[in-house]
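Trainee: I would like to learn how to read strand pairing and helix packing in a model. Can we work through a case together?

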Amino acid sequence: MITTKLPKVGTTIFTVMSALAQKHNAINLSQGFPDFKVDNTLLQEVTRAMQNNFNQYAPMAGFMPLREQIAQKIENIYNINICPDTETTVLSGASEGIFAAIAATVRENDEVIIFEPAYDLYVPAIELQGGIVRRVSLSAPSFRPDFEQLKRLISPKTRLIIFNTPHNPTGSAWTSEDLKALDSLLEGTQILVVSDEVYEHLIFDNKKHESVLAYSNLKERSFAVFSFGKTFHATGWKVGYVVAPKKLTKELRKIHQYITFSTVTPIQVALSEFLKNEENYIHLASFYQEKRDYLCKLLEETKFRFTPSEGTYFQLVDYSAISEEKDTDFAIWLTENIGVASIPISPFYQNENDNSAKMLRLCFAKNNETLEKAVEKLSKI
């Protein structure tokens, strides 16, 4: 008999709610994937790459022209120079990047600090390495990072801090002051950082995405993780990349080469061409802000309460004026009886009882018609 290495882990809430949506033919605003098409130019580039026989293994660290375009993109956005050869690695999704960064750095009994609610990959990846998870709570409704709490958790055993901005599931975003506060706290320590920045282009209201790459001291201790799937509406392609200093990149690649070794070649080739035109990504904030604003306008006709998200393609809604049920129970009821699937946020906490907020996460990376049909159903409650 096998003894499980992850006794607390079951099927993810994303899989559960999407399966429930399918079973009840509900509109699926739960799992975070768009229901609109990938840019046709990018699809043509993938086809061209396949036809030109880019169908064998890519280099382990990634197709070099793509890494060069990533470096150019970072220079364009953040005015930072990075080395495509020694500081950039293309992996099979941001999830692999996060896992590889954790596996490369965390040893038995090392402490890792995360901010909850947290994406559900972090804790299992830490525990598989024998690490000990410490948690900073992000409290509703603002979900701002509490640096006093973070300071109290830092100890000689702290190996790594993981944070996510813009933040899934809350839609909040770290500010320049937040990054400066983190930088100050870590000064003089050997603590490393994993900065999950997969929604870097999805930030609203004329705000600027604050990346660790823009802060020289943080940059030297950080793995910054990004996602082409999120950026280009192609989550099923599972292509992401990690930017880190040479010494950290070297350790990351030691893990990456024994997980997937390399990432799907024709898509890397296509992305290297598509990134040459910055118009293919620079407009994404305004595109998704229109989606957010449209959903929020529709929700004004319901009993749900909300504060417009600062980033991502998720919107939290407060259902406390509708029901006193636990969020997981209410999400199931909503799917089965109203026909709209959402994600409860309590599964993003270690102890679901730590979350008393009556909130659900809705994905607005959908066609307007999908959003209209969903809110029409929600308005009947």
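Trainee: Which strand is joined to β7 by four bridges, running antiparallel?

Mentor: This is a predicted model. Strand β8, residues 240-243, runs antiparallel to β7, and four bridges join the two.

Trainee: In what sense do β6 and β7 pair?

Mentor: β6, residues 192-196, pairs with β7 in the parallel sense, again over four bridges. Here valine 194 stands opposite phenylalanine 223 of β7.

Trainee: Which strand is joined to β6 by five bridges?

Mentor: That is β5, residues 158-164, and the two run parallel. Phenylalanine 163 stands opposite serine 195 in β6.

Trainee: What is the order of the strands in the open sheet?

Mentor: The seven strands follow the order β2-β8-β7-β6-β5-β3-β4, with mixed pairing. β2 (88-91) and β4 (132-137) each have a single partner strand, so they are the edges and one side of each lacks a neighbour in the sheet. Ignoring direction, neighbouring strands are turned by 20° against each other on average. Helix α10, residues 246-256, packs on this sheet and touches β2, β6, β7 and β8. The direction of α10 makes about 20° with that of β2.

Trainee: Are the residues on the two faces of β7 buried or exposed?

Mentor: Take the faces in turn. Ser222, Ala224 and Phe226 on one side are buried, and so are Phe223, Val225 and Ser227 on the other. Six of the six residues of β7 (222-227) are therefore buried, and the strand is largely enclosed by the rest of the structure.

Trainee: Now the helices. How are two packed helices described?

Mentor: The description uses the angle between their axes and the distance between the axes. For α13 (residues 284-299) and α15 (residues 368-378), the axes come within 10 Å and cross at roughly 20°. Angles under 35 degrees count as roughly parallel, so α13 is roughly parallel to α15. The crossing of α13 past α15 is right-handed.

Trainee: Which residues make the contact between α13 and α15?

Mentor: From α13 come Lys291, Tyr294, Leu295, Leu298 and Leu299; from α15, Asn368, Leu371, Glu372, Val375 and Leu378. Sorted by class, the contact has seven nonpolar, one polar and two charged residues.

Key
Residues numbered from 1 in each chain as written. Predicted model: local features only at pLDDT ≥ 70, side-chain atom pairs only at ≥ 80, totals over all residues. Heavy atoms only, no water. Buried < 20%, exposed > 50% of the residue type's maximum accessible area, 1.4 Å probe, protein only. Pairing = 2+ DSSP bridges. Axes fitted to C-alpha atoms, helices over the stretch in contact; angles between N-to-C directions. Parallel < 35°, antiparallel > 145°, perpendicular 65-115°, else oblique. Left-handed = near helix turned anticlockwise from the far one by under 90°. Contact = heavy atoms within 4.5 Å. Nonpolar A, V, L, I, M, F, W, Y, C, P; charged D, E, K, R; others polar.
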